Amino acid sequence: MSTPNTRPRPALLVLAYLAFVSLGLPDGLIGVGWPSISNDFGVPTEAVGLVLTASTAGYLTSSVLAGFTLARLGVGWLLAGSTMLAALALTGYTVSPVLAVVIGAAVVLGLGSGAIDSGLNAYAAGAFGPRHMNWMHAFFGLGVAIGPLIMTGALGAGLSWRWGYGIVAAAQLALATAFASSVRA
């Protein structure tokens with residue numbers, strides 16, 4: 001692990017930045033996709049509150065446990081596992097036959113996202129220094145900005161909202177694989 005006074009490995013920084021892009025991507029999907037989702041499931045518009053509450057509950061739970069988990073797994077395995085959770089959750093959104101499955105997937109997405117956010121922030125605060133911390137959070141904003149573009153692109157192409165979630169699930173899976181392969185033995 002590097003200290004803020006040393007230069008972090010460029011590959012590690014790239015992965016950290018990509019982790020924060022991936023953290024923001026799902027947040028940007030639901031706003032654009034929800035009208036189609038609620039229409040698909042035949043639920044009122046305000047049912048989005050159930051999805052957001054479920055995701056928040058998972059996020060808060062894993063955020064509280066992130067220090068414990070980080071100490072036991074290390075940052076590499078924490079990020080690989082939590083990004084895999086997010087990929088599985090987004091796949092759950094993609095294949096869900098009813099809103100209840102989306103709500104369950106939202107809890108899992110929150111668990112993965114909270115662990116990525118808290119775990120990587122805790123690690124980066126000691127390893128990267130303030131400059132890179134600021135950049136990591138800028139990359140989160142980039143992810144939040146790209147998410148709606150992905151969903152808009154899918155819907156604009158005449159595809160289902162499920163394609164937007166599927167695209168982001170595939171990106172999360174690729175990132176989880178990158179994290180797992182970068183873990184030092």
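Q: Ser-38: buried or exposed?
A: Ser-38 is buried, at a relative accessible area of 6%. Buried means under 20% relative accessible area, exposed over 50%, and partly exposed in between, with a 1.4 Å probe and protein chains only.

Q: How are these residues numbered, and what is the model?
A: The model is predicted: local features need pLDDT of at least 70, side-chain atom pairs count only at pLDDT 80 or more, and totals for chains, interfaces and linings use all residues. Numbering runs from 1 along each chain as its sequence is written, and side-chain values use heavy atoms, leaving out hydrogens and water.

Q: Where does Ser-38 lie?
A: In helix α1, residues 10-41. Helices here are DSSP runs (H or I, at least four residues), as are strands (E, at least two), numbered from the N terminus.

Q: What does Ser-38 touch?
A: Val-43 and Pro-44, not counting residues up to four places away in sequence. Contact means heavy atoms within 4.5 Å.

Q: Next, Ala-19. Buried or exposed?
A: Ala-19 is buried, at 0% relative accessibility. Ala-19 also lies in helix α1.

Q: Which residues does Ala-19 touch?
A: Ile-116, Leu-120, Leu-175 and Phe-179, leaving out residues up to four places away in sequence. Ala-19 and Leu-120 are 101 residues apart along the chain, and their C-alpha atoms are separated by 8.4 Å.

Q: On to packing. At what angle do α1 and α2 pack?
A: About 165°, with axes 12 Å apart. Axes are lines fitted to C-alpha atoms, for helices over the stretch in contact, and angles run from 0 to 180 degrees between N-to-C directions. α1 and α2 are therefore roughly antiparallel. Angles over 145 degrees count as roughly antiparallel, under 35 as roughly parallel, 65 to 115 as roughly perpendicular and the rest as oblique.

Q: Which residues make that contact?
A: Pro-26, Ile-30 and Trp-34 of α1, with Val-48, Val-51, Leu-52 and Leu-90 of α2.

Q: And α2 with α5? What angle there?
A: Helix α2 (residues 48-95) and helix α5 (residues 161-182) pack at about 160°, with axes 8 Å apart. That makes α2 roughly antiparallel to α5.

Q: Last topic. Where does UniProt put the transmembrane regions?
A: The unreviewed UniProt entry places them at residues 50-68, 75-93, 99-123, 135-157 and 163-183. UniProt positions follow the numbering used here, feature names are shortened, and annotations may be inferred rather than shown by experiment.
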